[in-house]
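Hello,

Here is the structure I promised to pass on. Please have a look at it first, and then read my notes below.

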Amino acid sequence: MKKLDQIRRVRRLTGMVQDHVRLPLLRIGLRTGLFEELRTPLCPDELTERLELAPDLVESWLRALHAHGLVRCKDGRYQIGSLVRWILDADEAPAIRAILDQTVLTYAPRLDQVPELMGAAERPEFGAPDEALRTAAASRLMERRALDALARVPGVRAARRVLDIGCGQGTYLAGFLAHYRDANGLGIELDPAVAEEARRILREAEVSRRGEIRVGDFTTLDLAVGSYDLVLLNNNLYYFSPEQRRALFERVFGCLTGHGLFALQTPVATAGRITRALGGDQSTATFDLFLRAHGNLHGLPDPDELFADLREVGFEEMGQISIVPGGSLRYLWARSG
């Protein structure tokens, strides 16, 4: 029995190691164009000749992918499997690739620093241009589901003037305005380059006549009081410390009309039974650690604490909607009156 337990532990450890190395293997195929070539069966020599790559590395990479179940092999010819085909062809393919890059290039290095950060090391700032771009692209994976969940918030469909705080590349605002043709929106973004990209996305979505992007800090910009039916805060609450949230919520409250809505999208720290069953608690807990490993980010919130803060500011009716049933990513909403 003791020997059997040891074998199980070794297998579990080996599985963890293999999970870690699959991501670099996938990124090799995406970055080199090998996966695109392998849409049809090819032997290693054909791949090497087409892409002018090192023959021994290509053949070894193919064997590794086959061992991991990521490509199929028949009569010495390799072809991508269903997972890789999905990564290439899914509507959310850019977001999926961004998540792979973010995990390898951003998450892993930062988590590797945690032992030093637990001591006296200074926590680094998050927000380098490449990090910000990957984060923005990765967040689009859940965008369609998030907009569907937002539509289920009571009163959202009736909103005509919308304010999007920290709008990033403007994809949520563009999606909202494209769906609700009689709505107008204002997006606020700190980074001028990102704001310009948001303007481009609004133009491409053909909603720029009803959507404006302004550069600045929401907490200090001159905004019309009591003018908005809906204020959005999508996936950026962790830029505000618990001590700063009260002032943020007061500012939001002042921007809303008498019965306006505040919809705040965020993962939450508490995990329900379904979240645990689907493994979502693992990614959420890791994300919380990643956030706390930075000097300018803060941990995931507890919904009850957020609702208490909102109630103190003056919000009344409140609720929450999971973007994926039972998941930790949610819209927490509150009405101003």
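The protein chain has 15 helices and 9 strands; helices (H or I, at least four residues) and strands (E, at least two) are DSSP runs, numbered from the N terminus. Please keep in mind that this is a predicted model, where local features need pLDDT of at least 70, side-chain atom pairs count only at pLDDT 80 or more, and totals for chains, interfaces and linings use all residues. Residues are numbered from 1 along each chain as its sequence is written, and side-chain values use heavy atoms, with hydrogens and water left out.

**The chain overall**

Taken along the principal axes, the C-alpha atoms of the protein chain fill a box of roughly 70 × 55 × 35 Å. Of its 337 residues, 44% count as buried; buried means under 20% relative accessible area, exposed over 50%, and partly exposed in between (1.4 Å probe, protein chains only). The accessible surface comes to about 17,900 Å², and carbon and sulfur atoms hold 53% of that (Shrake-Rupley method, 1.4 Å probe; for residues, only the protein chains shown count as cover). Looking at contacts (heavy atoms within 4.5 Å) with a separation of 6 or more, 70% are between residues 24 or more positions apart.

**Two buried residues**

Thr 171 belongs to helix α10, residues 171–179. Thr 171 counts as buried because its relative accessibility is 10%. Its side chain makes a polar contact with the side chain of Glu 143, at 2.6 Å. A polar contact here is a pair of N or O atoms within 3.5 Å; within protein, one must be able to donate a hydrogen and the other to accept it, and residues adjacent in sequence count only if both atoms are side-chain atoms. Setting aside residues up to four places away in sequence, Thr 171 touches Arg 140, Glu 143 and Ile 201.

Pro 301 sits in the loop between α14 (280–292) and α15 (303–313), and at 4% relative accessibility it counts as buried. Beyond its neighbours within four places in sequence, Pro 301 is in contact with several residues, including Leu 237, Arg 245, Pro 267 and Leu 306.

**Towards the surface**

Leu 13 is in helix α1 (residues 2–32) and counts as exposed, since its relative accessibility is 53%. Together with Met 16 and Val 17, Leu 13 forms a nonpolar surface patch with about 300 Å² of accessible area. Patches are made of residues with over 30% relative accessible area and no salt bridge; like charges are joined within 9 Å, and nonpolar side chains (Val, Leu, Ile, Met, Phe, Trp, Tyr) within 5 Å. A salt bridge is a side-chain nitrogen of Lys or Arg within 4 Å of a carboxyl oxygen of Asp or Glu.

Leu 53, in the loop between α3 (44–51) and α4 (55–67), is partly exposed at 28% relative accessible area.

**Aromatic rings**

Rings of Phe, Tyr and Trp (its six-membered ring) pair if their centres lie within 6.5 Å; planes under 30 degrees apart count as stacked, over 60 as edge-to-face and the rest as tilted. The count comes to 11 aromatic pairs. The rings of Phe 176 and Tyr 180 have centres 4.6 Å apart and planes at 40 degrees, so this pair is tilted. Both Phe 176 and Tyr 180 are buried. Ring pairs also link Tyr 107, Phe 126, Tyr 238, Tyr 239, Phe 287 and Phe 290 into a cluster.

Best wishes
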